[in-house]
Amino acid sequence: MSAVAGTADPRFRRVRDELERNFADRGEVGAAVAVIVDGRTVVDLWGGLADRERGIPWERDTIAMVHSSTKGATAICAHLLAARSTIDLDDRVADHWPEFAEAGKEAIPVRWLLDHQAGLPAIAEKLPSEAALDWDTMTRALAAQPPWWEPGTAHGYHAITFGWLVGEVVR
């Protein structure tokens, strides 16, 4: 019996195969994948456990925490602006967001925001938890934040800050 339930169009058989391999060979505990092409669901698969400790199986409607789901969309917006010559990826961020030039960041190009080389993966200032829901608070804090390393010399995933950094340039 397969560890994977659901359906996949025969053209997407490899998606099912790889999800099954995730369980059989890669130690996956529980997962789901859906693919929609031209408005039609061509893959809707799930398997494993939603809760390993309690042995609760992953079901079609299992709710899962999703991270980084907007990074791609935000990056696409920046790249569309670049394709339309509204911005250039080599522009200084401060050309589009003047306040960003604070704290030694005046020369950082837009591309270093997109490829996680800006040195801004976090904000040192202690902010209240609700600040994450306030665009202006977050962009002000990022504008004031000195880089954690010399920009352009290292890569560090800007997991928390990417949306505000790139988003403010897009805005």
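In the predicted model, Gly 30 stands opposite Gly 48 of strand S3, a pairing that belongs to the antiparallel arrangement in which strand S2 (residues 30-37) is joined to S3 by eight bridges. The two strands form a hairpin with two residues between them, and within this turn Asp 38 adopts a positive phi of about 50°.

Strand S3, which spans residues 40-51, also contains Val 43. The relative accessibility of Val 43 is 0%, and this residue therefore counts as buried, the cut-off for that class being under 20%. When residues up to four places away in sequence are left aside, Val 43 touches Thr 7, Ala 8, Phe 12, Val 15, Val 33, Ala 34 and Val 35.

The largest pocket of the model holds about 260 Å³ of space, and its lining is made up of 13 residues, with Ser 68, Thr 70, Lys 71, Ala 159 and Ile 160 lying nearest the centre. By class, this lining comprises six nonpolar residues, six polar residues and one charged residue. Among the elements that contribute to the lining of the largest pocket, helix H6 (residues 162-170) gives the most, supplying three residues.

Methods:
Residues numbered from 1 in each chain as written. Predicted model: local features only at pLDDT ≥ 70, side-chain atom pairs only at ≥ 80, totals over all residues. Heavy atoms only, no water. Helix = DSSP H or I, 4+ residues; strand = E, 2+ residues; numbered from the N terminus. Buried < 20%, exposed > 50% of the residue type's maximum accessible area, 1.4 Å probe, protein only. Contact = heavy atoms within 4.5 Å. 1 Å grid on protein atoms, 1.4 Å probe; cavity = no way out; pocket = protein on both sides within 12 Å on 5 of 7 lines; lining within 4 Å. Points joined across faces, edges and corners; volume = space filled by probe spheres on them. Nonpolar A, V, L, I, M, F, W, Y, C, P; charged D, E, K, R; others polar. Pairing = 2+ DSSP bridges.
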